[in-house]
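Here are some notes for a colleague opening this entry for the first time. Please read them with the model on screen.

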Amino acid sequence: MQKKEFISFVLELKDRLPIFVKSMENSTIPGKYKFSYSGDVPSDNLHWGLGQTTFAARILYIFGQLEETVKKDIVKYIQSFQKKDGSFNDDYVTKSTFLLRTL
């Protein structure tokens with residue numbers, strides 16, 4: 001890839017990535033972001049999504065697109081994964097990857 005092509009790619013990414021991330025916001029649970037564009041396998045009834053939500057927050061923050069109301073919803077959702085000892089864990093991901101991590 002040539003330097004001009006790379007610069008063009010980065011500038012396009014800068015404009016389009018926040019739009020894509022915003023489109024991944026869950027419409028029924030404030031602060032939650034979907035894992036895939038085509039839809040998540042686990043239903044919205046399951047409490048999961050810590051990883052993709054923190055990743056979405058980071059992208060929006062980096063690109064200066066993290067609006068205050070959205071930020072509050074994201075913080076509240078991320079805090080819902082906090083354990084009594086202060087750590088954060090997505091129980092659904094931990095359970096569904098147990099066998100793979102054990103092997």
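1. Start with a salt bridge. The side chains of Glu67 and Lys22 meet in one, at 3.9 Å from N to O. Glu67 sits in the loop between H2 and H3, while Lys22 belongs to helix H1, so the pair ties together parts that are 45 residues apart in sequence. Keep in mind that this is a predicted model.

2. How exposed are the two partners? Glu67 is partly exposed, with a relative accessible area of 44%. Lys22 is also partly exposed, at 33%.

3. A search of the whole structure finds three salt bridges. One of them joins Glu12 to Arg16, with the closest N and O atoms 2.6 Å apart. Glu12 and Arg16 are four residues apart in helix H1, which means about one helical turn separates them. In general, an α-helix has 3.6 residues a turn, so residues three or four places apart point the same way. Glu12 counts as partly exposed, at 39% relative accessibility. Arg16 is exposed, with a relative accessible area of 54%.

4. Lys83 and Asp91 form another salt bridge. Their closest N and O atoms are 2.9 Å apart. Lys83 is partly exposed, at 30% relative accessible area. Asp91 is partly exposed too, at 35%.

5. Now look at Lys32. Is Lys32 buried or exposed? Its relative accessibility is 1%, so Lys32 counts as buried; the cut-off for buried is under 20%. Lys32 is found in the loop between helix H1 (3–23) and helix H2 (50–62).

6. What surrounds Lys32? Leaving aside neighbours within four places in sequence, Lys32 is in contact with Met24, Glu25, Asn26, Asp44, Leu46, Trp48, Thr53 and Tyr77.

7. Helix H3 covers residues 68–79, twelve residues in all. From first C-alpha to last, H3 reaches 16 Å, close to the 16 Å expected at 1.5 Å a residue.

Definitions and conventions:
Residues are numbered from 1 along each chain as its sequence is written. This is a predicted model: local features need pLDDT of at least 70, side-chain atom pairs count only at pLDDT 80 or more; totals for chains, interfaces and linings use all residues. Side-chain values use heavy atoms; hydrogens and water are left out. Helices (H or I, at least four residues) and strands (E, at least two) are DSSP runs, numbered from the N terminus. Buried means under 20% relative accessible area, exposed over 50%, partly exposed in between (1.4 Å probe, protein chains only). Contact means heavy atoms within 4.5 Å. The expected span of a helix is 1.5 Å times one less than its number of residues. A salt bridge is a side-chain nitrogen of Lys or Arg within 4 Å of a carboxyl oxygen of Asp or Glu.
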